[in-house]
Amino acid sequence: GAGAGAGAGAGASTSAPGADAGALGIPVIIAGAMSHWPALERWRDPGYLRRVAGYRTVPVEVGEHYLDDGWTQRLMTLSHFLDTQVRPPPPSSSGGAGGAGAA
């Protein structure tokens, strides 16, 4: 009936999940909507990012938050950012404990 408010009801539509909430300005999470995107796998690999965009200059925010006295931005290549800020994945070791180079 009239005045039922937002939510599931007699007039609720299931054709566009979140459409009513979006029209009301309520945030909506659509789970799995991007799970098929190739970037989700590709961008996990720093080597891939380095190959396709390592030469690009990017702004990097440095500091706890933008209101912090020490906050600043630095321009650097994506390769430099990956080298200095992104930890490399642990080496995969098929030889057991100690890994490569253990003496």
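Trainee: In which element does L75 lie?

Mentor: L75 falls within residues 72–77. Residues are numbered from 1 along each chain as its sequence is written, and side-chain values use heavy atoms, leaving out hydrogens and water. Helices (H or I, at least four residues) and strands (E, at least two) are DSSP runs numbered from the N terminus, and the one that holds L75 is strand 2.

Trainee: Is L75 buried or exposed?

Mentor: Relative accessible area, taken with a 1.4 Å probe and protein chains only, sets the classes: buried is under 20%, exposed over 50%, and partly exposed in between. The value for L75 is 68%, so L75 counts as exposed.

Trainee: Which residues does L75 contact beyond its neighbours within four places in sequence?

Mentor: A contact means heavy atoms within 4.5 Å. V58 is 17 residues away from L75 in sequence, yet their C-alpha atoms are 5.6 Å apart. The contacts of L75 are T57, V58 and P59.

Trainee: In what order do the elements of the chain run?

Mentor: The chain has 4 helices and 2 strands. From the N terminus on, the order is α-α-α-β-β-α.

Trainee: Which residues of helix 4 are buried?

Mentor: Helix 4 spans residues 78–85, and its buried residues include S79. S79 has 16% relative accessibility and therefore counts as buried; beyond its neighbours within four places, S79 touches R50 and G54. The cover over this buried side includes helix 3 (46–53), strand 1 (57–62) and strand 2. The buried residues are L78, S79 and L82.

Trainee: How far apart are the closest N and O atoms of R50 and D83?

Mentor: The pair forms a salt bridge, meaning a side-chain nitrogen of Lys or Arg within 4 Å of a carboxyl oxygen of Asp or Glu. R50 lies in helix 3 and D83 in helix 4, so the bridge ties together parts 33 residues apart in sequence. R50 is partly exposed at 33%, whereas D83 is exposed at 54%. The closest N and O atoms are separated by 3.0 Å.

Trainee: Which residue forms a salt bridge with R44?

Mentor: The structure holds 2 salt bridges. In the one made by R44, the closest N and O atoms are 3.9 Å apart. R44 is exposed, with a relative accessible area of 62%, and its partner is E41.

Trainee: In which element is confidence highest?

Mentor: The mean pLDDT of the chain is 77, and 66% of its residues reach 70 or more. Residues 1–12 stay under 50 and have 2 contacts beyond four places in sequence. Where pLDDT is low, the predicted coordinates should not be read in detail. Helix 1 has the lowest mean, 72, and the highest, 95, belongs to strand 2.

Definitions and conventions: This is a predicted model: local features need pLDDT of at least 70, side-chain atom pairs count only at pLDDT 80 or more; totals for chains, interfaces and linings use all residues. pLDDT is the predictor's confidence in each residue, from 0 to 100.
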